Amino acid sequence: MMAVPEKDTYDVVVVGSGAAAFATALGAIDEGLSVIMVESTDQWGGNTSMSGGGLWLPNNPLMKREGAGDSREEALEYMNEVIGNPGPASSPERIEAFVDSIDDFVTTAERHGMEFMRDTDYPDYYPEKPGGKIGRAIEGMNFDVKKLGEWAASQRGVVPLPVRTNDIWLLGRAWSTPGGFVRGAQFVFRTIGGLARGKKLVGLGGALAAQYAYAVLVKGNAELVLDTPAVGLVVEGERVVGVRVKSGSSERVLRANKGVMLGGGGFESNQEWRQKYQNVTGYTSGNPGNLGKPIEFAQEIGAAVDYMDDAWWGGSLQPYDDKPAGGFLVGERSLPYMMIVDGQGKRFANEAESYIDLGHHMNDHDRGGDYWMITSGTYNKRYFRTFSIQPGLMKGMEEKGYLHKAQTIEELAGKIGVDRASLRATVERFNGFARSGRDQDFNKGDSAYDRYYGDPTVRPNPCLGPLEKGPFTAYKMVAGDLGTKGGVVTDTDARVLREDGSVIEGLYASGNNTATVMGHTYPGPGSTIAPASVFGLIAARHMAKAPSTN
C-alpha cells in the first residue's frame, strides 16, 4: 500500500477515491497513461463505498443484451422532461454527452474485469413521465474483497454481506410475503455459500468500489496514497499543471502532464458551508471527509459553481448522538400502515415519493421543523426495518425523546407535542384513503416507483394501510442527505469552466464536487454514481488527446 507517491510527475493526477476518481483512473489506464490518486483520509472509496452502489444508466449495454427495450431517444426525452434546463451543468449538450458515453463506460469497465448485473424491477423515479422506464439501473456483482489484499483493510464503510440492491425491496417484506421470504432465504444461502468457499463477499457500494479498486490498483498497478490531502492547484500561465499535496509533515507538488481530475466529493460534512449555502444543520449519511476542498481550490483560480444550495436530500431518522445522521429512509416510507406528519400533525407530501423529493418538500414546507414517521402495530409486526438493526439507534433515540410508543393516537400525540385533535383528524382521513385505495391528497401508491417498495398483499393500494392497531410508534425525522450536489461547473468533456464559460485548461471534475448533470432532481436509482463514473471516463479520454506539458 502506497504511503507516499513514488514520483513527482504523472500523466494524470486524481483527487479523491470514489467512483469519479476511480473511473478517471480506469480510463487513464485504458489509454496507457500513468496515474496517481490522492485521498485526504485514511480510507478509500468515498461515498461510493458507503452507498447502495447503483448506477442509473439508460439504454445501457446490459439492457441491449437482454432486449429490455430502451433507446437514446427515450433516455433523452425522459431526462429533459424530468431535469429541464436549470443551468449550464444540466444543459441538453451535457445530458447528451452522458447518455452517449454510457456504452463506453460499461464496456470499458467490463474489459478491465468489472462485472455488473441489472436491477430489472427497479423503476425510474418518475416512470410515468415521457420516456420513463423500469430496469435502467445496474450494480456491481458481489465481490470477494480478499482479492484486494492489503487494500481491503482501508476500504471505507463496507458492509461485509453480499447484499444486492434488488434484494432490499423484497427483504423489507421478508416476514409478510412469499416473495420476500424466498429472497431472504436466497440471501442467507448466498452468504453461507460465500463463507463456505472461503470468500469474503460484499455487495452494494462496497462491491462496486472494491471492483474499481481491483481493476485500478491491483490489476492496473495504479498508485493511491491515503492521508495525503490536496491543499491547492498548481497553475502555470492559464493551465493547471499539478496539485499541491500534504505528504506527512511537508508539502510537495504532483505534476500532471495531461490533466488534473477533481473527484473528491461534495461538502456535506462542512457545517460552515452547509449553513452558508443551504441554511441547514447538515444531517448527512455521506463521507465525513467531504469538506468541499476541491471546490474551494477550483474557485480560487476562477471556477464557476452552481447548485450549491442543493443536496441529494432524503428523510432520515434524527441522530441521537454526535453522529451526522441516523437511518436514511428509503423503502420503509412506501409500505402501508405508516404516514409522515409535520409539527402540526398534518401530512405534507407523498411518503413514498423519491427521497430527494421528500427532502425538498421537508425543507420547503418547514425547514428545520419537526417531522414524525408514525407507524402502527401492524407495520411493526409485518415489516423488517433496516434501521432497527443499527446498533444502539433505537435505544438512543428513545432515551433522547426521538422515539415514542403509545397504545392510542391521542396518547402518541401528547408524547410528541402535537395537537391531539389535529393528529386524529389526519389519521382518520388517511385511513379513509387506505380503505378506498386512493390517496386524494398526495397520490401515494399511484406511481410504479411508490409500489416498488410497497406490499402487494395489501389491497387495493400496496402503499396504503390504515393506522388502526396499536401500539403506535413515532420516529423523529430530519431532512438528511446522501451528499451535496453543488460544485464546479463543467462542460461536455468534464473540463472545469469559469464564470464566462471559458475552459480552465488542464482541470477536470466529476462527481459530487461538481454541479450535477441531474439538476435539482433524481431521475432514477444511481443518479449520483452513474454520471460520476461516466464523466470520469469522458475526462480520461479527453486528457489522452490533450497536449502534454513536458
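How many aromatic pairs does the count come to in this structure? The count comes to 22 aromatic pairs, where rings of Phe, Tyr and Trp (its six-membered ring) pair if their centres lie within 6.5 Å, with planes under 30 degrees apart counted as stacked, over 60 as edge-to-face and the rest as tilted. This is a predicted model, in which local features need pLDDT of at least 70 and side-chain atom pairs count only at pLDDT 80 or more, while totals for chains, interfaces and linings use all residues. Residues are numbered from 1 along each chain as its sequence is written, and side-chain values use heavy atoms, with hydrogens and water left out.

**Aromatic pairs**

- The rings of Phe-105 and Phe-116 have centres 6.3 Å apart and planes at 50°, so this pair is tilted.
- Because Phe-105 lies in helix α6 (residues 102-111) and Phe-116 in strand β4 (residues 116-118), the pair ties together parts that are 11 residues apart in sequence; helices (H or I, at least four residues) and strands (E, at least two) are DSSP runs, numbered from the N terminus.
- Phe-105 counts as buried at 2% relative accessibility, and Phe-116 counts as buried at 10%, where buried means under 20% relative accessible area, exposed over 50% and partly exposed in between (1.4 Å probe, protein chains only).
- The rings of Phe-267 and Tyr-277 have their centres 5.8 Å apart and their planes at 55°, so that pair is tilted.
- Phe-267 sits in the loop between β11 (250-262) and α10 (271-278), and Tyr-277 in helix α10, 10 residues apart; Phe-267 is buried with a relative accessible area of 0%, whereas Tyr-277 is partly exposed with 22%.
- A cluster linked by ring pairs takes in Tyr-122, Tyr-125, Trp-312, Phe-328, Tyr-355, Tyr-449, Tyr-452, Tyr-453 and Tyr-522.

**Nonpolar cores**

- The largest nonpolar core holds 82 residues, of which Trp-44, Leu-55, Leu-57, Phe-98, Phe-105, Phe-116 and Tyr-212 touch the most other members; such a core is a set of buried Ala, Val, Leu, Ile, Met, Phe, Trp, Tyr and Cys residues joined through side-chain atoms within 4.5 Å.
- Leaving aside neighbours within four places in sequence, Phe-116 is in contact (heavy atoms within 4.5 Å) with residues including Leu-55, Leu-62, Phe-105, Ile-138, Met-141 and Leu-208.

**Cavity**

- The structure holds 1 cavity of 30 Å³ or more, a cavity being a set of points, on a 1 Å grid over the protein atoms alone, where a 1.4 Å probe fits but cannot get out.
- About 120 Å³ of space lies in the largest cavity, its volume being the space filled by probe spheres set on the points, which are joined across faces, edges and corners.
- Of the 16 residues that line the largest cavity, Gly-511, Thr-514, Thr-516, Pro-531 and Ala-532 are the closest to its centre, lining residues having an atom within 4 Å of a point.
- Helix α18 (residues 529-545) gives the largest share of this lining, 3 residues.

**Individual residues**

- Ser-316, found in strand β13 (residues 311-317), is buried with a relative accessible area of 0%; not counting residues up to four places away in sequence, Ser-316 touches residues including Gly-327, Phe-328, Lys-476 and Asp-481.
- Glu-428 lies in helix α16 (residues 420-436) and counts as partly exposed at 40% relative accessibility.
- The C-alpha atoms of Glu-428 and Ser-101, 327 residues apart along the chain, are separated by 51 Å.

Note on methods. On a 1 Å grid over the protein atoms alone, a cavity is a set of points where a 1.4 Å probe fits but cannot get out, and a pocket is an open set with protein on both sides within 12 Å along at least five of seven lines; lining residues have an atom within 4 Å of a point.
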